[in-house]
Amino acid sequence: MTALDLTRDERTVRRTSGPVLGMVLFVASEAMFFATFFGAYFTIYSVNPVWPPAGFPRLEPGLAAILTAVLVTSSVTLQLGVRAIRRDRTRTLLRWLGLTILLGVCFLGLQLYDYSQLGFGVRDGIFGSLFYVMTGLHMAHVFGGVVFLVLVLVQGLGGQLSDASHDSLEAGAIYWHFVDVVWICLFTTFYLAGLS
Amino acid sequence: MAITEPRTTGRAPEPQPHWLIQWLTTTDHKRIGILYLLNSFAFFFVAGVFALLMRSELAEPGRQLVTTNGYNQLFTLHGTLMIFLFIMPVLFGFGNYLVPLQIGALDMAFPRINALSFWLLPVGGLTILSGLLAKGGAAAAGWTSYAPVSEQGGAGQDLWIVGLVVVGTASILSAINFIVTILRLRAPGMTMTRLPVFVWSMLATSLLALLATPVLTAGLIMLFADRRLGAYFFNPAHGGDVLLWQHVFWFFGHPEVYMLILGAWGIVSEILPVFSGRPLFGYPGVILAFVLITALSFSVWAHHMFVTGQVEFPFFSATTELISIPTGVLFFNWLATLWRGRLRFEPPMLFALGFIALFLVGGVDGIWMASPAMDFAIHDTYWVVAHIHYVLFGGTVFGIMAASYYWFPKITGRLLSRKLGYWHFWLMFLGFNLTFFPMHELGLRGMPRRVADYLPDLGWSFLNQVATAGSFVIAVSLVVFLVNVALTLRRPRTAAADPWEGNTLEWATSSPPPVHNFDRLPEVRSNRPVWDLRQRRPAEEQA
């Protein structure tokens, strides 16, 4: 008996499967990871008399609002996909999943464009350091999520997903929503906080 | 799911690959557990040699063996390797081997992730050590790597950062694996309140690793960004905050010390009842103490930062003192377990008793240091070195040795020599106290930690000589252990399934266990299923 059989047997008696529970725990760990950066942000904010420090523009939320809309929409489309597979509609799932991946790629492209328009860099001062390290790590997480979802898509195209067996998608969705929430926190902190 | 009946496979036996390939590609939790133990003891050896070099340098005033920079590298690598590549993984190694057995499971929940988290360890450890080949040498900012010192230094410091991120990732993956295994794969009847204490300790350790390690990873990324990307997180000249590193590091670092000790508490709480012939006194109290300490450990970090003057003294002093309450509960439970027991002084028991005595000293040191007034006097002196070693060496390493003697027959099918075990214990106990007890006094006399040299007229020379002599006694005791292991491994496998009259499920299967762990799993009706089995069916047991 392999470990795969093991988890499969478990699922029949308990609701949350091992892989999904594993992803919930991983997301908890990731939450602490990003929380540390937010802690650093607000610590540094509190020791600086002027914020953003001299030489940094107040960030315009225009393009970032579009980024937010793209990522939130992608969470919705992914959840519609999850709903479809729970009703065993694989083709519907694949469509929603494809759209989610597309939106994720859009987010990455748009954010790189946003970077090019900002006019400051990581070396220009503490605000630049915080901004690029925090949003950059988030971007890396979006990239990781896209890769994960592409792998799930490949599974789906190979006919390996069904209402009885789609842990990879459920786990991927939990991760994707988490990354979405982190972006909303980043957007609020960098673009909205301090707007009067 | 647990197997309750013998299994038969219909398939013909496949040709076996070379034994080396089998070990390199294994996903069996027992083999991975053994790999963890071997890897950890290898790093223990390296870090121990570094310690002996430091003690040799400090044996008398004047510099004899190493440069000051070389000395800085030695204590940095000694601390880093001992903590991240010996103690932490050796506990996870015992956990890997024992948790599935103790809960009656076939394997860990994610066997391939399990293999990954093991193999990341030698990669991370060797990355850190490879700094020795870099220009300017290895990392030299101490295992705590405070900014701004850690913002300087050469490639060795970067390799230290990268290596620790790799090792931290391994810890997080292991933690997820342990938690899912313990929550999902318990045998029928193995409720959470019947879970062996060691499994509880691994669950608490995993929770801490899951939530605290990412904080270190985040701090390391900030440090790396400062060093290599030109960021300013810890640079006040450009709006950063130099104390931020200490906050981030200790927010991870204090839960970390509980990750390093909880497993040993679990080990001792398994061994004392077996060799006292009594159940563990106050099982729910022990579990509650574990849970409380796990929770409280996130609220005490700034007691490492009292001398900065920038933290809330009453809060961090009070939360630190609070931890001594559940820890005290543990001591009373252990003593009450021994009380009126039929004590058998086998080597595992001696190491467990040694653990209680030495950890008590380290714990009392800690209570004293939690007072800011006291802390100002002894901060960064040898007092702190004494404290950390009484907790981590007198505590955890004695626990690890107890575990090694206790579970060696289960893992290898052979009992270690009792006589050599006694020699090992008494030499180590003597050497340990010779080395580290004088450090209390050295600290009170003002000797700072992390210095390569001291003046002859400060009155520190004699105590330093005693400590150095003690460190070589410890080394001799470990040679005795190594000889014991080597001699024992050459003997035939004669250990019974249950040589100590144990309580937990690993003793219900053969020594060593088959690949699938259990041919037949006993019913679990209490937290001592194998003891129950002996009581219910004494005749069958003997047959």
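Biologist: In this predicted model, what is the handedness of the crossing in which H3(B) passes H5(B)?

Modeller: H3(B) passes H5(B) in a left-handed crossing.

Biologist: Why is H3(B) called roughly parallel to H5(B)?

Modeller: The axes of helix H3 (residues 68-102) of chain B and H5(B) cross at roughly 20° and come within 11 Å. Angles under 35 degrees count as roughly parallel, so H3(B) is roughly parallel to H5(B).

Biologist: Which residues make that contact?

Modeller: From H3(B) they include Phe84(B), Met88(B) and Gly95(B), and from H5(B) they include Trp160(B), Ser171(B) and Phe178(B). The residues of this contact of H3(B) with H5(B) comprise 11 nonpolar, five polar and no charged. Gly counts as polar, and Gly95(B) is one of the residues of H3(B) in the contact.

Biologist: How many residues does each chain bring to the contact of chain B with chain A?

Modeller: Chain A brings 31 residues and chain B brings 33 residues. Helices H5 (155-184), H6 (197-229) and H7 (242-276) of chain B each supply at least two residues of the side that touches chain A. H6(B) gives the most to that side, with 10 residues. By type, the side of chain B that touches chain A has 24 nonpolar, six polar and three charged residues.

Biologist: Where in chain A is confidence lowest?

Modeller: Helix H1 (residues 3-13) of chain A has the lowest confidence, at a mean of 45, while helix H5 (residues 126-157) of chain A has the highest, at 97. Over residues 1-14 of chain A the pLDDT is below 50. Where pLDDT is low, the predicted coordinates should not be read in detail. Chain A averages a pLDDT of 91.

Definitions and conventions. Residues numbered from 1 in each chain as written. Chains lettered and ligands numbered in written order. Predicted model: local features only at pLDDT ≥ 70, side-chain atom pairs only at ≥ 80, totals over all residues. Contact = placed C-beta atoms within 7 Å. Helix = DSSP H or I, 4+ residues; strand = E, 2+ residues; numbered from the N terminus. pLDDT = per-residue confidence, 0-100. Axes fitted to C-alpha atoms, helices over the stretch in contact; angles between N-to-C directions. Parallel < 35°, antiparallel > 145°, perpendicular 65-115°, else oblique. Left-handed = near helix turned anticlockwise from the far one by under 90°.
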